[in-house]
Amino acid sequence: MSPSPEEIQARVTKTVAEALEKDVADVRPSSSLVDDLGAESIDFLDILFRIESDFDIKIQGDEIWKGELDLANADPAAFESGLATLRERMPDFPWDRFQEGIQKKDLRRLITVQTIVDFLTRTLAKEGERTA
Amino acid sequence: MAGRPADRRVVITGVGMVTPLGADLSRTRRSLEAGNCAVGAVSRFDVSCFAAKSGAEVRDFDARPHFRIPKALKLTDRRTRFAVAAASMALADAGANENGIDRSRLGVLVGSSGSDLQAEELACAVREDAPGRCVTDIPFFAERILSRLNPLWLLVNLPNMVSAHVAIQIESNGPNSTVMTDWVAGSQAIGEAFHWIRGGDADAVLAGGADNGVLPFVFGTYEQAGLFDGDAGVYSSFALGEGAAMLLLEEREHARRRGARVYGEILSYATASLPLDCLAEALERTASLALERAGRAAGDVEAVCCASVFASPYRQAEREALEKLFGPEGAIPRHFEFKSRMGHTLAASGPIEVGLAVQSLEGISPRGVVLFNALGYMGQTATLAVGREKAA
């Protein structure tokens, strides 16, 4: 049986806190891994490995980070509409930190704890359907 | 850079250490003065399967306050944590945080035996291995390593990680290197750093050693190498230890300009590598060279810090070398050692010894010299000559 959304949230929060040496209380769903929690590129590798081990799944390449909308590969029009969708989905995210607009190089800063939770919720639900 | 190499003199202005006798310099000194010995039962793992039953463990040590970036703790093993803590304490001891040192002119040079390759993590990655399959079936090996070994493993275990992490945490942007010549590595690190400063590559260097001998992997491999099972307990007093010491070495004028307190001066350094059965000759050579380079004679040596304390061919070789240098036993100057009190801290031992001894150089005469010997497991030797900061 797939873990509940609450359980996924709790386990991801704990993993991120451990990987980045933070208190669990400082790790909120809207926390940006880079801007709020200080993650660097090697930390993304570490978090990926810890999540694979914890949930016993295999995650390909960067699929966990690119999100459902895959903005890194979007054309300019799709990029802008994708950003608009993200703004609606992430109302708690401090969008005002991008005063000069958002470029593709900024995408990593948009990865939040919720990005991981959403990915796992989708992935584990699919697995659940497949094995049901 | 001011001054030619011959004009650039190197002084010790800061000492930081983590030893089995205490997790900092003052606790280590208090413990030494109280006559304590840190060699005892090993608490971290079961030693019943090994010939060695004792070790010297560092206790009550918390690395976290010494990490500018706490997240980096996950990238460090125990020896690296010792080194970062010792480096941070050496800088504080030297007052280098307040009256700053240009970080682009600050180097880091650490001696270490290397990591234990996180043997437990490796073993877990291949734990369901059919006998030998991970050796012969590379796709199988690859699948195990790629799926089960944390991708940060390399960043913890690369041999140079100890000096890399020290530099990251203390923000040193000058030269950076790691010396890996086993028991001699820490003394060689100090000697090489001496040359960096003399040659103008840096104005200050955090130099020292960090090691961890209290590990099942080290107990096992040292026993295999015959260090614990000599005839009639020949090596019975050999105990593995762990710890680190980092010294802040500075070009003398640089230290003076910032008003630093000076513990002593590194006068010279010499090192050699001869076959193991020529250890006495090698040590005599390095001690003689060190004296010659310091412009001193055997009669100027007022104390010798001995490398080897346990009864063994190493001790015999050191005694022979000292007798050749100074005459029969009665003529050998005052000698002292620390290993019987805190075990052999391997690559950390030389820097710990220098760091402790320079705390009390006031009894040494202005031209007097203290020699620090280091003997390597495989026949390498090094000698550092240290004196009080002499008049210009």
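1. In which strand of chain B does G241(B) lie? In this predicted model, G241(B) belongs to strand β7, which spans residues 240-251 of chain B. G241(B) has a relative accessible area of 0% and is therefore classed as buried, the limit being under 20%. Beyond its neighbours within four places in sequence, G241(B) is in contact with A56(B), N212(B), G213(B), V214(B), M342(B), G343(B), H344(B) and T345(B). The C-alpha atoms of G241(B) and G350(B) are separated by 13 Å, while the two residues stand 109 residues apart along the chain.

2. Strand β7 of chain B also carries E242(B), whose partner R44(B) sits in the loop between β2 (40-41) and β3 of chain B, so the pair ties together parts that are 198 residues apart in sequence. The interaction is a salt bridge in which the closest N and O atoms are 2.9 Å apart. As to accessibility, E242(B) counts as buried at 0%, whereas R44(B) is partly exposed at 36%.

3. A further salt bridge within chain B links the side chains of R68(B) and E171(B), at 3.7 Å from N to O. R68(B) lies in the loop between β3 and α2, and E171(B) in the loop between α7 (161-170) and β5 (176-179), so this pair ties together parts that are 103 residues apart in sequence. Both partners are partly exposed: R68(B) has a relative accessible area of 43%, and E171(B) has 40%. In chain A, salt bridges that share partners join D35(A), D36(A), R97(A), K105(A), D106(A) and R109(A) into one network. Over all chains, the count comes to 36 salt bridges.

4. The next point concerns the nonpolar interior. In soluble globular proteins, nonpolar side chains tend to be buried together. The largest nonpolar core here has 48 residues, and the members that touch the most other members are I12(B), L249(B), I266(B) and F372(B). Helix α8 (residues 185-199) of chain B gives the most to this core, namely 7 residues. At least three residues of the core come from each of domain 1 (10-117 + 154-257) and domain 3 (267-387) of chain B. A second, separate core holds 31 residues, including A83(B), A87(B), L106(B) and V166(B).

5. What does I12(B) touch, not counting residues up to four places away in sequence? The residues concerned are L247(B), L248(B), L249(B), R261(B), V262(B), Y263(B), G264(B), I266(B), V354(B) and V358(B). Among them, L249(B) and I266(B) are also named with I12(B) as core members that touch the most others.

6. The domain assignment of chain B gives domain 1 (10-117 + 154-257), domain 2 (119-153) and domain 3 (267-387). The centres of domain 1 and domain 2 of chain B, taken over C-alpha atoms, are separated by 31 Å. Between these two domains, 9 residues of domain 1 are in contact with 5 residues of domain 2. The area buried there is about 620 Å², with 57% given by carbon and sulfur atoms. The count of salt bridges between domain 1 and domain 2 of chain B is 0, while 6 residue pairs are in polar contact. Helix α6 (residues 153-157) of chain B supplies the largest share of the domain 1 side, with 4 residues.

7. Between the chains, 14 residues of chain B are in contact with 12 residues of chain A. The two chains bury about 1000 Å² between them, 56% of it on carbon and sulfur atoms. K71(B), K74(B) and P151(B) supply 52% of the area that chain B buries against chain A, more than any other three residues.

8. The polar part of this interface includes 5 salt bridges and 7 residue pairs in polar contact. Helix α5 (residues 138-148) of chain B gives the largest share of the chain B side, 3 residues. One of the salt bridges joins D43(A) to K71(B), with the closest N and O atoms 2.6 Å apart. Another is formed by R64(B) and E21(A), at 2.7 Å between the closest N and O atoms. R64(B) lies in the loop between β3 (54-56) and α2 (78-93) of chain B, and E21(A) in the loop between α1 (5-19) and α2 (41-55) of chain A, so the pair joins two chains. R64(B) is partly exposed at 41% relative accessibility, and E21(A) is partly exposed at 27%.

Methods: Residues numbered from 1 in each chain as written. Chains lettered and ligands numbered in written order. Predicted model: local features only at pLDDT ≥ 70, side-chain atom pairs only at ≥ 80, totals over all residues. Heavy atoms only, no water. Core = buried A, V, L, I, M, F, W, Y, C linked by side-chain atoms within 4.5 Å. Buried < 20%, exposed > 50% of the residue type's maximum accessible area, 1.4 Å probe, protein only. Domains from an automatic or database assignment. Contact = heavy atoms within 4.5 Å. Buried area = accessible area lost by both parts, 1.4 Å probe. Salt bridge = Lys/Arg side-chain N within 4 Å of Asp/Glu carboxyl O. Polar contact = N/O pair within 3.5 Å; in protein donor to acceptor, adjacent residues only side chain to side chain.
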